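User: I would like to learn how to read the features of a model such as this one, beginning with the overall fold and moving on to contacts, surface and pockets. Could you take me through them one at a time?

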Amino acid sequence: MCSYHGTIRLFVQVLWAHLLCGWAFGSELTFELPDNAKQCFYEDITLGTKCTLEFQVVTGGHYDVDCRLEDADGTVLYKEMKKQYDSFTFTAAKNGTYKFCFSNEFSTFTHKTVYFDFQVGEDPPLFPNENRVTALTQMESACVSIHEALKSVIDYQTHFRLREGQGRSRAEDLNTRVAFWSIGEAFILLVVSISQVVLLRSFFSDRKTTTTRVGS
């Protein structure tokens, strides 16, 4: 019985640690980027911290956006123009506030929806003594495996949600175009039908004729 409760407690600890790691070491956001607009975000990073910036345009236009990453001194670490999605990993060379911006200034009328995930640092060990010389117990190894599997599940779910949102946007756009095209075809068909009826009636309409009597 004690072993059962200990297993449950350890599993809850894994879940809780996983959630805390997700909250403390990552910034994940989906935001709206209007046309001719630029949006910047800031993150305080210490020297030697490994970071990863990943972004993807979910909806809007050609699904592209400009991205720029600068360090605390304004040095450009990453710059890409009109990218649909990309990932960039770097190690902070100095302490300070890093800035990364997304720009839609090249678009005059297209609204964009952008997703990004900015991960700062690496996950701490699941157990305080995970890096000890002795091997992990079977239960601890299972918990570490579950922890890694949960992170993979979250990553897959995020990417599938993004693909689903992008596919839904394209389907709605296609549906709108088909609807307008159908309305246009119906209008043209109505005009052609009315024109044909008027033309046929003109063929069989009565014409006024004048008769002249001879020899009266």
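Analyst: The secondary structure comes to two helices and eight strands, where helices (H or I, at least four residues) and strands (E, at least two) are DSSP runs, numbered from the N terminus. Along the sequence the pattern reads α-β-β-β-β-β-β-β-β-α. This is a predicted model, in which local features need pLDDT of at least 70 and side-chain atom pairs count only at pLDDT 80 or more, while totals for chains, interfaces and linings use all residues. Residues are numbered from 1 along each chain as its sequence is written, and side-chain values use heavy atoms, with hydrogens and water left out.

User: How many salt bridges does the structure hold, and what parts does the one between lysine 112 and aspartate 64 tie together?

Analyst: A salt bridge is a side-chain nitrogen of Lys or Arg within 4 Å of a carboxyl oxygen of Asp or Glu, and the structure holds seven of them. In the pair of lysine 112 and aspartate 64, the closest N and O atoms are 3.2 Å apart. Lysine 112 belongs to strand E8 (residues 112–120), whereas aspartate 64 sits in the loop between strand E3 (50–59) and strand E4 (65–70), so the pair ties together parts that are 48 residues apart in sequence.

User: Are lysine 112 and aspartate 64 buried or exposed?

Analyst: Buried means under 20% relative accessible area, exposed over 50%, and partly exposed in between (1.4 Å probe, protein chains only). Both lysine 112 and aspartate 64 are buried, and buried residues make up 27% of the 216 residues in the protein.

User: Which residue forms a salt bridge with lysine 94, and where does lysine 94 lie?

Analyst: Lysine 94 pairs with aspartate 73, with 2.7 Å between the closest N and O atoms. Lysine 94 is in the loop between strand E6 (85–91) and strand E7 (96–103), and aspartate 73 is in the loop between E4 and strand E5 (76–83), so this pair ties together parts that are 21 residues apart in sequence. Lysine 94 is partly exposed at 26% relative accessible area, and aspartate 73 counts as exposed at 57%.

User: Where do glutamate 164 and arginine 168 lie?

Analyst: Both lie in helix H2 (residues 138–204), four residues apart, which is about one turn of the helix. Elsewhere, salt bridges with shared partners join Arg68, Glu70 and Lys99 into one network.

User: Which residues line the second largest pocket?

Analyst: A pocket is defined on a 1 Å grid over the protein atoms alone as an open set of points where a 1.4 Å probe fits, with protein on both sides within 12 Å along at least five of seven lines, and lining residues have an atom within 4 Å of a point. Here the lining consists of Gly60, Gly61, Tyr63, Ser169, Arg170, Asp173, Leu174 and Arg177, and about 200 Å³ of space lies in this pocket, a volume being the space filled by probe spheres set on grid points that are joined across faces, edges and corners.

User: What is the phi of tyrosine 63?

Analyst: Tyrosine 63 has a positive phi of about 60° although it is not a glycine. This residue is in the loop between E3 and E4 and is buried, with a relative accessible area of 10%. Lysine 82, which lies in strand E5, likewise has a positive phi, of about 50°, without being a glycine.
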